[in-house]
Amino acid sequence: MHIDDRKLLGDQEYGNGHPDDEKRREFLARIERGEKIEADDWMPDDYRRQLIKLIAMHGISEVMGALPEKEWVPKAPTLRRKLAIMAKVQDEMGHGQLLLRVAEDLLAPIGKTREDLMNDLFVGKLKFHNVFHMEAPTWADAGVIGWLVDGAAIITQTMSLSTSYAPYARALQRICAEEKFHMQHGESIVLSLAEGTPRQRRMLQEAVNRWWPALLMFFGPPEDGGISSNQRLNLRYKIRSKTNEELRQEFFHKYVPRIFHLGLTLPDETIRYDEKEGRWHYRQPDWNEFKRIIKGNGPRSKERLRLRKISYEEGKWVRDALLAKQRNAVWGGSV
C-alpha cells in the first residue's frame with residue numbers, strides 16, 4: 001500500500017524545513033528496506049506515540065484479560081482443569097509484564113513510567129480490549145475465551161511478529177508460542193463440553209452466542225468508510241501489515257468452519273462464505289456498543305478495574321522494596 005508521506009504525517013511534522021526532516025526520511029527508508037528499529041534508535045515522535053498506544057494497550061489487556069478466567073480458578077471442575085487455568089492466568093500476567101517493560105523503554109525519553117500507564121488505566125485514559133469487559137458466567141465461557149478469544153489474539157499477534165519495532169517482535173515470539181497452548185487449553189474444554197451431556201452442549205452454545213458479538217468487535221471496526229489515521233500510520237510505519245477487516249476475515253476462515261463442525265451455530269443467520277469473492281459476509285455488530293464498552297462501560301468494566309486497582313495498591317510495598325534494593329545495589333549499600 002502506497003500512502004503519500006506528507007498526507008500521512010502532516011505538513012507540520014514533515015516538510016516545510018522541519019529540523020528532523022532528513023532524519024525522518026532516513027527512518028522511512030530504513031522501514032522500506034525492512035530494517036528493524038531498536039529502542040535506542042532515533043524515531044519520529046508519531047512512531048513512538050503509535051507504539052506506546054499499541055503496546056501499552058496490549059500489555060494492559062493481557063493483565064486485564066487474566067481476570068475473567070481467574071474467576072474460574074476456584075470453580076474449575078477438576079484438579080487438572082484448575083491447574084491448567086491457573087497456569088494460563090499466570091502466563092497472561094507474565095505477558096502483560098513483558099509488554100509493559102517494552103513500553104517502558106519507549107516512555108523513558110518522554111519522562112513517563114509504567115506507573116503513569118497504570119494511573120491512566122485507573123482514570124480511564126488507557127483502554128483495554130473490549131472482550132475483557134465481558135462476563136464469564138459459566139465454565140463454557142472459560143473454554144470459549146481460551147479457544148476463540150485467544151485464537152483471535154494469535155491471528156493479530158502473528159501478524160505483529162513482522163513489526164518494524166524489534167523489541168515488540170522479540171516479546172511476541174514468546175507470547176505467541178504460549179498463546180498457542182492457551183488456545184489448545186480452551187479447545188480442550190470446548191471439545192469436552194461438545195461431547196458431553198445435552199446440558200453441557202447447551203451451556204457451550206449459550207457461551208458461543210454470548211461471545212460472538214465481542215469476537216466480531218475484537219479486530220476493530222471495518223474500513224468501509226476508509227482506513228483511519230491510526231491504521232494508516234501503523235501500516236506506513238510497518239507496525240502492522242493488515243487491516244482490521246483482513247484480520248477478521250482470517251479469523252472467520254480459521255474458526256467458523258470449526259464451530260459448525262462441532263454442531264454449534266452462530267447468532268447470525270446471514271453469515272456465509274462467498275466463493276467468488278473469497279470472503280465471508282456477516283451481520284455487523286453494534287459499533288456504538290463497542291465504543292461504549294471500551295470507554296469502561298461494559299458489563300464487568302468497573303468491577304475488574306476496581307480489582308486491578310486494589311491489587312496494584314496492595315502490591316506497592318513490594319515495588320517499593322525492590323526499588324530500594326536496586327538503589328542500594330547501585331550505591332554499594334545493603335538492605
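**Salt bridges and core of a predicted model**

User: How many salt bridges does the count come to?
Analyst: This is a predicted model. A pair is counted when a side-chain nitrogen of Lys or Arg lies within 4 Å of a carboxyl oxygen of Asp or Glu. By this rule, the count of salt bridges comes to 27.

User: Which residue forms a salt bridge with E35?
Analyst: Look for the closest N and O atoms of the pair. They are 2.9 Å apart, and the cut-off is within 4 Å. The partner of E35 is R30.

User: Is R30 buried or exposed?
Analyst: Buried means under 20% relative accessible area. R30 has a relative accessible area of 19%.

User: Which residues are linked with R30 and E35 in a network of salt bridges?
Analyst: R30 and E35 form a salt bridge. They also belong to a network of salt bridges.

User: Which parts of the chain does the pair E245 and R279 link?
Analyst: The side chains of E245 and R279 meet in a salt bridge, 3.8 Å from N to O. The two residues are 34 residues apart, in distant parts of the chain. E245 lies in residues 244-261 and R279 in residues 279-281. The parts are helix 10 and strand 2.

User: Is E245 buried or exposed?
Analyst: The limit for buried is under 20% relative accessible area. R279 has 30%, so R279 is partly exposed. E245 has 12%, so E245 is buried.

User: In which helix do R292 and E289 lie?
Analyst: Their side chains meet in a salt bridge at 3.0 Å, N to O. The two residues are three residues apart, about one turn of the helix. Both lie in helix 11.

User: What does R292 count as, given its relative accessibility?
Analyst: Partly exposed lies between buried, under 20%, and exposed, over 50%. E289, at 27%, is partly exposed. R292 has 38%. R292 therefore counts as partly exposed.

User: Which residues is Y47 in contact with, leaving aside its neighbours within four places in sequence?
Analyst: Y47 is one of the residues with the most contacts inside the largest nonpolar core. Set aside its neighbours within four places in sequence. Y47 is then in contact with F27, I37, S164, Y165, Y237 and I239.

Notes. Residues numbered from 1 in each chain as written. Predicted model: local features only at pLDDT ≥ 70, side-chain atom pairs only at ≥ 80, totals over all residues. Heavy atoms only, no water. Buried < 20%, exposed > 50% of the residue type's maximum accessible area, 1.4 Å probe, protein only. Helix = DSSP H or I, 4+ residues; strand = E, 2+ residues; numbered from the N terminus. Core = buried A, V, L, I, M, F, W, Y, C linked by side-chain atoms within 4.5 Å. Contact = heavy atoms within 4.5 Å.
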